[in-house]
Structure formats: C-alpha cells, structure tokens
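Welcome! Keep the 3D view open as you read.

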Amino acid sequence: MSKAWVYQGVHQVEKVGKAKASYYVGWFDPEGRKRCQSCGPGAAGRNAAYKLREKRQAELLSGTYQSNSKKTWEEFRQEYEAKIAEGMLASTRRLVLEALEQFERVINPKRIGAIKTQTIDEYRSNRRGDRGKKKGDKISPATVNRELRHLRAILRKAFKWGYLPTMPDFQFEKEPRKLPRYVAPGHFAAIYNACGVAKKPTGLPYPPADWWRGLLITGYMTGWRISELLALRRDDVDLDEGTAITRWQDNKGKRDERVKLHPVVVEHLRRLPGFDLSIFPWKDSRLLLHEQFAMIQEAAGIKLPCRGNHEHTRYCYGFHDLRRAFASMNTEKLTPDTLQLLMRHKSYLTTQRYINMFRQVDAAVEALYVPDLTPAKPAISAQG
C-alpha cells in the first residue's frame, strides 16, 4: 500500500532545535522513488504537513498522483520569474537573472528534478575558469559565490514547490580576505574639488559640478547606496525639516524610512532646484555615470594600487566605497546599533564588515607594552 508520512529532519533539529526545524512530508511515488516536501517550522508547518500527507496519501491510493519530476527547467524558470523575481528590487532581480543565465550557459539544464549536488559542483568548477571583466583576469571567487547564493535561493524555492526530490548541497569558493577600501578624507576632498570637470548631467538649471558635489556629499554623509540616491524623489525631501525618506522599493531593507540629514547635506541639496521628480536626475546610462565619476577622480589625481593579474586602465573608487567610508569614519562616533540603523542592515554582522577594523588594531598596538631598551647599569659590588 502506498504511504506518506510526516517528519522533521534530524540534522536540522540538531542545528536549530526541534521548535525551529521544518516539518516535511515524505512519500514513495508510483515509480518507487522517494520524495519529500518542506512545509515550514512551528505549529503552522506541522498542520500544513499533516494536511499535505492526507492529500498525498489520497492521490497515491486513488492513482491520481502526478509527479513534478518531469517539469522542465524552462517551465520552472518562467514560474519563478512570474511569482518571485517580479517582486524583487530591480538591482536584485538583475543579479538573479544573471545567475540563471550563467547557470543555463554552463549546465544547459533540461529538467528541474535532475539537478543534484554533482550539478552544482560541475557548475562551480566550470564557472571559476571563465574570463573576468578585465583582460587577463579570471572571474573572481566573490562573483562565483554571489551566483551560487542566488542559485541556492532559487533551488530552495523549487524544493519547497515539490520540483526537487532533495535540496543540493552548495560548496562555496574560498575568497581572499582583502582590506576594506573606502574613500579616505583627503581623497574625498580632492574628488569634491575636482567636480568642475564633469560634463554630465546636462539640461539642468545648475552646473554638473553642483549635481556631483550634492551626490557625493549626500552619499558620504548618509551611507546610502547609489541606487537609493538616484531614486530619491523631490517630494520625499523636506529641506526645512532636514529629512529625507528612502522608499521600500528603492532599498534592500524593503521598508520606508525617514532619515535626518546633516546641515551640510541640506546646504548642498538646496543648490539643486528644478522640476524633475528626482533630486539627482540622471538620463544617461549607468555606465556613463561610472565613467564620469572616474574622470573626476583622474582630475583629482586619484591613483589606487591594484594587485590584480590584469591590464590596468584606471585606479579609482567605486560608489560603494562612499558607503564604506560612512561606516569607517563614523564607527568611533556612533554606537553599533545606531550605525546599523543608519545603514539599514538587518544584521550587525553585515554592518561590521563595513567597519575599518584596523582602527581597533591601531589602538591596540598603541597600548602595547614597550620594553625598556636603555643599557643596564653595571651592578655595584659589596666591596665597592
């Protein structure tokens, strides 16, 4: 007789505890293959699991059970994009779709149910040999790991939908631990003063230099991501009150937040009048935005060292280095909770990665015991 059953994963119980471990329904399909589906943790997960068990039991006994093992990858991707990807931030959705495209290029999957741990290992092995963005460079381990994280989330959804019999294991690449890079105060001043060379944006009632100085000082003194800065709407800024609202659809925290602006930021924003909906209107491509930023830094004489095995073109900061600078320059001025709140991180561990830990090391080194290196005086004998 066909049978379905409810259980909690042993390894998951050991890891997170019985109360937080997910409930699963297991069964053998008509072809004799073992199947399972997650229903979530807690009382809700347990109730859902027992309901699903009754459903599977009835399907197996009546012969109406339909396996998802024949679901094609293309069908699953279309369903995932429609139900999940459409609700993501534009920047996140772009990265997810890029991960899917790379996976399809390397593996060329046919059926979603055929993806196993070996499939993921094959993808990781082949992907690490691909060419990087710069000539002569291999793709970075960080890029491979980012794609693997997105693929893991995608396949977890396939597993919960019952399209995967088991969830594949993911092994990640080892990433070199590099010093965090942030815009140093002296470099920021040089970049700020070199904004006069900017040619874009055009068609505004103020020069491009004012646009760039407003963007850079706001990013440096709020820690906002470049996507949040460009999405900032004029009707979400109150210069008299000195506040700005970042909207849930424009930030990774997925929540609206009102932020107090420093008077220096308010002063720069007052120099950007206009009828555009955005405080920082940008009509050109994002690539041109980065090129203009690089051009300003070249005029400022910024040349950063690079140890990559590729041909070098420019040595310059990225926009995210402004965000790191906000964390690094304010880590001693603000409490960890306040810094986490201003950066809108869900976890303090994420905030901590942005902090320049070498400041703590410097303070520790200054406090170290210093041995007395003066020559010792000769001992005086009793007869002396």
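The report below covers aromatic pairs, charges over rings, and packed helices.

**Aromatic pairs**

Please keep in mind that this model is predicted. How many aromatic pairs does the structure hold? There are 19 of them. One of these pairs is formed by Phe76 and Tyr80, and it is tilted, with 6.0 Å centre to centre and 40 degrees between the planes. You can find both Phe76 and Tyr80 in helix α3 (residues 73–83), where they are 4 residues apart, about one turn of the helix. Are Phe76 and Tyr80 buried or exposed? Both Phe76 and Tyr80 are buried.

Now look at Phe293 and Phe319. Their ring centres are 4.5 Å apart and their planes stand at 20 degrees; planes under 30 degrees apart count as stacked, so this pair is stacked. Phe293 and Phe319 link distant parts of the chain, being 26 residues apart. Phe293 belongs to helix α11 (residues 286–299), while Phe319 sits in the loop between α11 and α12 (320–330). Phe293 and Phe319 are both buried.

Rings can also join up in a group. Ring pairs link a cluster made of Trp73, Phe76, Tyr80, Phe103, Tyr123, Trp161 and Tyr163.

**Charges over rings**

| Charged residue | Ring | Distance to ring centre |
|---|---|---|
| Arg56 | Trp27 | 4.7 Å |
| Lys83 | Trp161 | 5.3 Å |

In the case of Arg56, the charged end sits over the ring of Trp27. Lys83 lies over the face of Trp161, and Trp161 is also one of the residues in the ring cluster.

**Packed helices**

Two packed helices are described by the angle between their axes and the distance between the axes. Helix α3 and helix α6 (residues 141–160) pack at an angle of about 100 degrees, and their axes are 11 Å apart. Angles of 65 to 115 degrees count as roughly perpendicular, so α3 and α6 are roughly perpendicular to each other. On the α3 side, Trp73, Phe76 and Tyr80 make the contact, and on the α6 side Ile154, Leu155, Lys157 and Ala158 do.

Next, find helix α7 (residues 185–193) and helix α8 (residues 208–222). Their axes are 10 Å apart, and the angle is about 160 degrees. Angles over 145 degrees count as roughly antiparallel, so that is how α7 and α8 run relative to each other. The crossing of α7 past α8 is left-handed. Here Pro185, Phe188, Ile191, Tyr192 and Asn193 of α7 meet Arg213, Leu216, Ile217 and Tyr220 of α8.

Terms used. Residues are numbered from 1 along each chain as its sequence is written. This is a predicted model: local features need pLDDT of at least 70, side-chain atom pairs count only at pLDDT 80 or more; totals for chains, interfaces and linings use all residues. Side-chain values use heavy atoms; hydrogens and water are left out. Rings of Phe, Tyr and Trp (its six-membered ring) pair if their centres lie within 6.5 Å; planes under 30 degrees apart count as stacked, over 60 as edge-to-face and the rest as tilted. Helices (H or I, at least four residues) and strands (E, at least two) are DSSP runs, numbered from the N terminus. Buried means under 20% relative accessible area, exposed over 50%, partly exposed in between (1.4 Å probe, protein chains only). A charge sits over a ring if NZ of Lys or CZ of Arg is within 6 Å of the ring centre and within 35 degrees of the ring normal. Axes are lines fitted to C-alpha atoms, for helices over the stretch in contact, and angles run from 0 to 180 degrees between N-to-C directions. Angles under 35 degrees count as roughly parallel, over 145 as roughly antiparallel, 65 to 115 as roughly perpendicular and the rest as oblique. A crossing is left-handed if the near helix is turned anticlockwise from the far one by less than a right angle, and right-handed if clockwise. Contact means heavy atoms within 4.5 Å.
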